[in-house]
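My notes follow, entry by entry.

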Amino acid sequence: MLLGGSAIALLAGVLLDRLVGDPPWLWRHVPHPVALFGAAIDRLDRAWNDAALPERRRRHAGIVAICLLTAAAALIGLGMQWGLSLLGPPGLALEACVIAIFVAQGSLRQHVAAVATGLSRSLADGRHAVSMIVGRDPDQLDDAGVCRAAIESLAENTSDGVIAPFIYAALFGLPGLFAYKMINTADSMIGHMSARHRAFGMGAARLDDLVNWPAARLTALLFALVAVDRRAWRIARRDAPMHRSPNAGWPEAAMAAALGLSLGGPRRYGALSVDAPCLNQEGRREARIADIGRALALYGRTCSALLAIAVLLVFASA
């Protein structure tokens, strides 16, 4: 667990991200750290993922690649945390800024709210906005489908983009935070079932499943607690195992139950059709723009609970 000053940095970082978000003007002038992680992943993908190699060798190369990338990220985080610790209070402030960059409360809220804003103008604008946060084909979505996709993305990314980074920063400081973000970025880039990445990205996908296991369940629990709805936790336990992901079903099912909606179901990813089950099947399928607002309100209360946990960590480490 974090000690003293780093617990304060974690609290300050979570609060800073909540208040300021991810300022786009900054990343127009300097590369985002996640973009740098992505560049490193892409370089190894192009260098080591040779289509002429047997699938087994490509799988082994992918495992070595994700191990090297994760270790490098952790070492960079360790060096940064050590260097910042020598600076006293200014170092603590800089550490808080680094944490704020990686805990994506503000940017997630902005992207999901943009879907509601776009959909209020037209279905085309809603589809365009939701295409920024989901991988499925937005042209196949009607108004209700756009709303469900935005809410599902909010639920899943609360776990991957907010709760999980918080957990690894709390447990292991900047080394844990950097290592987690490298794994999560690698999964999003190469951890899928395309012909190119089915073998090479398997290691990244499995490692991402492992590191997100605690966050997915904690997120579902937090949704149920802030909704004051024991049924949300029960539905998450019942329906999450039906999801194709070992983790995404937990926050999605809990949010579905808390909002009285039915999420999930069949969807398309380009030419690929996925016959996914419905989560909270007894809920309402016809999601509306107002439901995105209700989901964001639930998300806001969850972020407040996370802030309260950060405060408790400060007192526990004092």
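**Entry 1**

I looked up Gln105 and, leaving aside neighbours within four places in sequence, found it in contact with Val14, Asp17, Arg18, Val162, Tyr299 and Cys303. Contact here means heavy atoms within 4.5 Å. I note that this is a predicted model, where local features need pLDDT of at least 70, side-chain atom pairs count only at pLDDT 80 or more, and totals for chains, interfaces and linings use all residues. Residues are numbered from 1 along each chain as its sequence is written, and side-chain values use heavy atoms, with hydrogens and water left out.

Gln105 sits in helix α6. Helices (H or I, at least four residues) and strands (E, at least two) are DSSP runs, numbered from the N terminus. Is Gln105 buried or exposed? Gln105 is buried, because its relative accessible area is 0%. The cut-offs I used are under 20% relative accessible area for buried, over 50% for exposed, and partly exposed in between (1.4 Å probe, protein chains only).

I then listed the buried residues of α6: Gln105, Gly106, Ser107, Leu108, Val112, Val115, Ala116, Gly118 and Leu119. I also checked the length of α6, residues 105-121. Its 17 residues should span 24 Å at 1.5 Å a residue, and the end C-alpha atoms are 25 Å apart, so the two agree. The expected span is 1.5 Å times one less than the number of residues.

**Entry 1: the core and Met255**

Which residues have the most contacts inside the largest nonpolar core? They are Val130, Met255 and Ile292, in a core of 85 residues. Helix α8 (residues 143-190) gives the largest share of this core, 23 residues. A nonpolar core is a set of buried Ala, Val, Leu, Ile, Met, Phe, Trp, Tyr and Cys residues joined through side-chain atoms within 4.5 Å.

Beyond four places in sequence, Met255 touches Ile151, Leu154, Ala155, Phe223, Ala295 and Leu298.

**Entry 2: two helix pairs**

Next I looked at α8 against helix α12 (residues 249-259). Their axes are 8 Å apart and the packing angle is about 130°. That makes α8 oblique to α12. Axes are lines fitted to C-alpha atoms, for helices over the stretch in contact, and angles run from 0 to 180 degrees between N-to-C directions. Angles under 35 degrees count as roughly parallel, over 145 as roughly antiparallel, 65 to 115 as roughly perpendicular and the rest as oblique. On the α8 side I found Ile151, Glu152, Leu154, Ala155, Glu156 and Ser159, which meet Pro251, Glu252, Met255 and Leu259 in α12.

The second pair is helix α3 (residues 33-48) with helix α4 (residues 55-85). Their axes come within 11 Å and cross at roughly 155°. α3 and α4 are therefore roughly antiparallel to each other. Phe37, Ala40, Ile41, Leu44 and Trp48 of α3 make the contact with Ala61, Val64, Ala65, Leu68, Leu69 and Ala73 of α4.

I stayed on α4 for Ala74. Ala74 counts as partly exposed, at 23% relative accessibility. Leaving aside neighbours within four places in sequence, Ala74 is in contact with Pro175 and Ala179. Ala74 and Leu218 are 144 residues apart in sequence, and their C-alpha atoms are 24 Å apart in space.

In helix α9 (residues 202-211) the buried residues are Gly203, Ala204, Ala205, Asp208 and Val211. They pack against α4, α8 and α10 (213-226).

Val228 is not a glycine, yet it has a positive phi of about 50°. Val228 lies in the loop between α10 and α11 (230-239). It is exposed, with a relative accessible area of 75%.

Asn280 is not a glycine either, and its phi is positive at about 55°. I placed Asn280 in the loop between β4 (278-279) and α13 (289-317). Is Asn280 buried or exposed? Asn280 is buried, at 1% relative accessible area. Not counting residues up to four places away in sequence, Asn280 touches Arg231, Ile235, Arg238, Asp239, Ala256, Ala257, Gly260, Leu261 and Ser262. Asn280 and Val314 are 34 residues apart in sequence and 37 Å apart in space, C-alpha to C-alpha.
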